[in-house]
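Have the model open as you read.

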Amino acid sequence: MLLTVQEANELIRRGTCLTIAGSREALAQLQPGNWIGGSIPYFMTATTGGLCDRARVYIDEIRLPVTRWRIQTYTVATLGTVATDAYANGFSYIIIPANSKSHLEYALHAPEYPEIFLKPVIGWIAGVHLDDLAKAAPVVFDGRSATCLGEGAVVLHVELPGECQPMVHTVNLFRPGTGPAIQFARPGFEARQAIIDGQTVDFAAYLRKTTADASLPLVADYAGTGINVSIKAIDEAAGKVSFYAPVFPGVDYHLAAPMADYAATFAREVPKNAHPLLSCNCILNYLFGELEGKQTAPFVGPITFGEIAHQLVNQTLVYLACENL
Amino acid sequence: MIPSKADPKWAALVKGEVNHRFSSAAASMLFFCLRTKMRSDNSAATLQQCVDEAYAFFAKYERTLQQDIKAIFN
């Protein structure tokens, strides 16, 4: 729900367990309490649909029959225990500032963290208003002391009763295109070269030559689930391509097939029987899918600079749902 | 009921010899990760570790993954 700072503070005073998204300025006006937050002024709301609002904050109240919960902050050095710290039955909600060392660490190494796929870990990468990319830094907030952090991560670990089993789901509307498989020799957020049809090529030049649409991600098939890596910039002069998530060696990527109308495809392909408890969607889907003013309910939540479904993903809607056992 | 870890299908799954498309993102990511691990080190110890991880995942999400279990082990 989208609330004014005053309304949010009233909710915080009730002691409810909350996750909050909003501009840094709005979050900085919130009182200490049982909340974690991250900077981003873009949201998917139940009433207005997609919108940008620097003054109000988006709040998800954990409405489940929670048995226990705790807020924990992590440093780059301790991020690796995020899943082992989680309750045996429950979920962990994580927010990491974009472009921080912890963002890089999580992007590259989360798949290696113990129990990272066994425990549901959902969350997002905090960002800034797109007009402020050059002048503002993304931050997260530890609501217990209303402390603003530019590095590390804030996590809400939630324990649920045994009859409720949460799972993280992804909705990726992009499909691999018909072009050749693309591989990379090294992991990282940028690549100078790629291996295509057995040949090592200048990847930036290849993308220009093939008139690739950089709004489309690279898609890899992870045993049934499409995992995107979004293209951030193609710098042909410097001979490099940068990404919003790392590419990994030994993985076959394909440029995604073009999508004519994201909002229409979204409406057609999202699971109709889903009951999301928490969701987030990518800023690139918001931009390229022109989601401002368009409805994505029941998938509501922050529009983010990266989504976390156990590991970091891009251009993907992520949500948490519970199965009743 | 999921089969015991001794069922050879577990080893085949983590090695990528069973080409199953999982219904859950978590399962897909887990098996992608386990297969990557097996490609870099196919020792018996790593295989056992990967089977243990796969088994623990299926044991926890047995009910949710019923369709996958049926397709893989039947």
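## A sheet with a helix on it

Ala21(A) has Gly38(A) as its bridge partner in β3(A). Before going further, please keep in mind that this is a predicted model, in which local features need pLDDT of at least 70, side-chain atom pairs count only at pLDDT 80 or more, and totals for chains, interfaces and linings use all residues. Residues are numbered from 1 along each chain as its sequence is written, while chains are lettered from A and ligands numbered from 1 in the order in which they are written.

Strand β2 (residues 18–22) of chain A and strand β3 (residues 35–39) of chain A run parallel and are joined by five bridges. Strands (E, at least two residues) and helices (H or I, at least four) are DSSP runs, numbered from the N terminus, and two strands pair if DSSP finds at least two bridges between them. Both strands belong to an open sheet of six with mixed pairing, in the order β1-β6-β2-β3-β10-β11 (chain A). At the edges stand β1 (2–3) and β11 (147–149) of chain A, each with a single partner strand, so one side of each has no neighbour in the sheet. Helix α1 (residues 5–13) of chain A packs on this sheet and touches β1, β2, β3 and β6 (57–61) of chain A. The direction of α1(A) makes about 25° with that of β6(A); axes are lines fitted to C-alpha atoms, for helices over the stretch in contact, and angles run from 0 to 180 degrees between N-to-C directions.

## A second sheet

Another open sheet of six strands, again mixed in pairing, has the order β5-β4-β24-β23-β27-β13 (chain A). Its edge strands, β5 (49–52) and β13 of chain A, each pair on one side only. From one strand to the next, the twist averages 25°.

Within this sheet, eight bridges join β13(A) to the antiparallel strand β27 (residues 317–324) of chain A, with Val171(A) partnered by Leu317(A). Why is β13(A) largely enclosed by the rest of the structure? Six of its eight residues are buried, where buried means that 20 or more other C-beta atoms lie within 10 Å of a residue's own, exposed means 12 or fewer, and partly exposed is in between, with C-beta atoms placed from the backbone.

## Where the chains meet

In the contact between the chains, 18 residues of chain A meet 18 residues of chain B; a contact requires C-beta atoms, placed from the backbone, within 7 Å. Strand β13 (residues 164–171) of chain A gives the largest share of chain A's side, five residues. That side divides into nine nonpolar, eight polar and one charged; Ala, Val, Leu, Ile, Met, Phe, Trp, Tyr, Cys and Pro count as nonpolar, Asp, Glu, Lys and Arg as charged, and the others, Gly among them, as polar.

## A helix of chain B

Which residues of helix α1 (residues 8–15) of chain B are buried? They are Trp10(B), Leu13(B) and Val14(B). These three cover an arc of only 90° around the axis, which puts them on the same side of α1(B); the arc is that of the directions from the helix axis to the C-beta atoms. The buried residues of α1(B) pack against α2 (25–40), α3 (44–60) and α4 (66–73) of chain B. After the helix comes Gly16(B), with a positive phi near 85°.

Technical notes:
Contact = placed C-beta atoms within 7 Å.
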